[in-house]
Amino acid sequence: MAVRRVARSRGPRRYKRTSGELEFNRFANLSDGVFAIAMTLLVVTVGEPTVSDARITGELKGLLPQISAFFLSFAVIGRYWLAHHEFVSFLTSISGRLLLWNLVYLAVVAFLPFTTGLFGDYNAVPLIVAIYAANVAAISFLEAVMFVVAHRGGMFERPLPQDVYRFAVLESIVPVGVFLVSIPVAYLHHYAAYACWASLLVILPLVGRRRPADADAYLP
């Protein structure tokens, strides 16, 4: 997909999905690159054992928290990449404001390997669990912000009805609430925080039941 920069006498610049220059491609390609690098860097959070043959089994068992954190974060980043891919597929143009918010969003995604490393090593420490939860909550929040910016800026392929718009925002905001709630819960017990995260497997399908009947015409 290529784009052409559209000059306007008034208002901010807008890069459209037409034929011509590369601005829209650069937006999409940078996003995919950051997601790919973040997913790759997750494996660095798993320390490679360097022990004798006799101790390797015990060492691998000790790495289970790091391995679990790797797969958890890989699933998290994968989920947000899919959502971002669907979001971009519905855009017909991007504004400078959306570009800026996308950079902030990508910065928070790129930070996840660091918090994953902390979480893998100190998964029972409330502060570390809270930091990881805050990182994921921030990604979901910024996802919702970008959706609102695109909607208000008329950047979607088709204007969204209000009920569809409200549902899409709600669907993005629900994980923010769950992960923020898990922060104080982590100080009661880290397993309780994990239970909060797991509750999304039930909450999101329940929220999905509120999907407007005509949403399929506007949303993936």
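**Exercise 1.** Which residues in helix 1 meet which residues in helix 4? Work out how the two helices run relative to each other, too.

*Solution.* A word on the model first. It is predicted, so local features need pLDDT of at least 70 and side-chain atom pairs count only at pLDDT 80 or more, while totals for chains, interfaces and linings use all residues. Residues are numbered from 1 along each chain as its sequence is written, and side-chain values use heavy atoms, with hydrogens and water left out.

Step 1: find the contacts (heavy atoms within 4.5 Å). From helix 1 come F27, L30, S31, V34, F35, A38 and L41, and they meet L99, N102, L103, Y105, L106, V109, A110 and P113 of helix 4.

Step 2: check the geometry. The angle is about 10°, and the axes are 8 Å apart. Helix 1 and helix 4 are therefore roughly parallel (an angle under 35 degrees).

**Exercise 2.** How does helix 1 pack against helix 3, and which residues meet?

*Solution.* Step 1: helix 1 (residues 23-41) packs on helix 3 at about 170°, with axes 10 Å apart. That makes the pair roughly antiparallel (an angle over 145 degrees).

Step 1: on the helix 1 side, F24, F27, A28, S31, D32, F35, A38 and M39 make the contact, meeting F70, F74, I77, G78, Y80, W81, H84 and V88 of helix 3.

**Exercise 3.** Describe the packing of helix 4 on helix 5.

*Solution.* Step 1: helix 4 (residues 96-121) and helix 5 pack at about 160°, their axes 9 Å apart. So helix 4 is roughly antiparallel to helix 5.

Step 1: count the classes. This contact has 21 nonpolar, 4 polar and 2 charged residues.

**Exercise 4.** What lines the second largest pocket?

*Solution.* Step 1: a pocket here is an open set of points on a 1 Å grid where a 1.4 Å probe fits, with protein on both sides within 12 Å along at least five of seven lines; lining residues have an atom within 4 Å of a point.

Step 1: the lining has 17 residues, with L72, V76, F179, W197 and L200 nearest the centre. Helix 3 gives the largest share, 5 residues.

Step 2: by class, the lining is 15 nonpolar, 1 polar and 1 charged.

Note on methods. Helices (H or I, at least four residues) and strands (E, at least two) are DSSP runs, numbered from the N terminus. Ala, Val, Leu, Ile, Met, Phe, Trp, Tyr, Cys and Pro count as nonpolar, Asp, Glu, Lys and Arg as charged, and the others, Gly among them, as polar. Axes are lines fitted to C-alpha atoms, for helices over the stretch in contact, and angles run from 0 to 180 degrees between N-to-C directions. Angles under 35 degrees count as roughly parallel, over 145 as roughly antiparallel, 65 to 115 as roughly perpendicular and the rest as oblique.
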